[in-house]
Amino acid sequence: MEKPLLPRESGQFVAERSRDVFIRDAGVQKVGEMLFNLRRSDALTASGWKVANPLAPAPTSDQALNWVFVVDTMNFCFWPDNEAQQCEVTYKGSTYTGFMTLCAAITRAMEEGVPITDPKYFSKMSVEELGKVLRSDNETAMPMVQERHQVLTEGGRVLLEHGGSFRSFISQAGNDAQKMVELIVEKIPSYRDEATYEGRKISFNKRAQILVADFWAVMEARGEGCITNIDCLTMFADYRVPQALVYLGVLEYSDALMEALKNGELLPSGDRREVEIRGCSIWSVELIKERLHKMVQERDGKVCSINSAIIDFYLWPFAKQHHREMAHIPIHHTRCIYY
């Protein structure tokens, strides 16, 4: 069996052959400058993770690590069939949509006494029990509850086979980020985010990479961050960050692709255009990172430690904060368990 290219190499492979998505150097420069001006802010550090994940348990307990696993295992496909009808979860007076509905629902369940972060429980829970945990506070249910149940129970069974917690499972990979991603993808099939493009097997591994990055960020927040090779992670190819990259002038879609997205065409997982959006997103963030590192070296005379995961941690909330200004740029719609 041919091994797929790693996400970074996959992004480059796709970007060099893409027919409907293009990387614009002026946009790469613009975002590089934007990040350079923020280089000393907490927004571009691992501690920025807690700001982006305010509903996560305090990083003082291993429960926070299991919370991350549960959330990242079900971290896919929150967009509604009708944009005007979003699933909503209200928690402690705040109403959340999108990915944050999942975070709010899991944290709400913990407060209600549901042992949702215990693999002994979530490996065997029923679809109905998960449906209650993920219940919406309006008429629009969270999409794909059956699929979320399937991947969560599968993930729980894997944790039980490897020590009974996410920490014990991931410790088998040592402190190497690349080995962590490989372990997750090898042992938990739902994390295996791969495609074939121009005859070559490639990988994006969005949820596996974000799980490792979230683990790293939680551990940094605990003062235990000692994961090596974190620079091997790319941005996490989803449907929200590409929209921000188009808005910022980093990516450009062909007229045909833009028209298809504006018409609401669903792109199947593995569709050439879907792969090009995700691959070019990955490679464009790599180019932004390289440009930023060069600026810091030339202007500050220092080595820059900002990695692609941190850039993603910045761009995703940026997209949420500027969603009104970006409303004219369509996100691509793909119903799948990968993102």
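Is Asp 300 buried, partly exposed or exposed? Asp 300 is partly exposed, with a relative accessible area of 25%. For the burial terms, buried is under 20% relative accessible area, exposed is over 50%, and partly exposed is in between, with a 1.4 Å probe and protein chains only.

Hi everyone, a quick word on the model. It is predicted, so to speak of local features we need pLDDT of at least 70, and side-chain atom pairs count only at pLDDT 80 or more, while totals for chains, interfaces and linings use all residues. Residues are numbered from 1 along each chain as its sequence is written, and side-chain values use heavy atoms, with hydrogens and water left out.

Let's start with charge pairs. A search of the whole structure turns up 23 salt bridges, each a side-chain nitrogen of Lys or Arg within 4 Å of a carboxyl oxygen of Asp or Glu.

Back to Asp 300: its side chain forms a salt bridge with that of Arg 40, at 3.9 Å from N to O. Arg 40 sits in the loop between α2 (25-37) and α3 (48-52), and Asp 300 is in helix α14 (residues 272-300), so the pair ties together parts that are 260 residues apart in sequence. Helices here are DSSP runs (H or I, at least four residues), as are strands (E, at least two), numbered from the N terminus. Arg 40 is exposed, at 62% relative accessibility.

Next, Arg 273 and Glu 265 meet in a salt bridge of 2.8 Å, N to O. Arg 273 counts as buried at 17%, whereas Glu 265 is partly exposed at 34%. There is also a network: salt bridges with shared partners join Arg 8, Glu 286, Lys 289 and Glu 290.

The largest pocket holds about 790 Å³. A pocket, on a 1 Å grid over the protein atoms alone, is an open set of points where a 1.4 Å probe fits, with protein on both sides within 12 Å along at least five of seven lines; lining residues have an atom within 4 Å of a point. Grid points are joined across faces, edges and corners, and the volume is the space filled by probe spheres set on them.

Which residues lie nearest the centre of the largest pocket? They are Gly 98, Tyr 239, Arg 240, Trp 316 and Lys 320, out of 38 lining residues. The elements giving two or more residues to this lining are α3, α11 (206-221) and α15 (308-321), and α15 gives the most, with 5.
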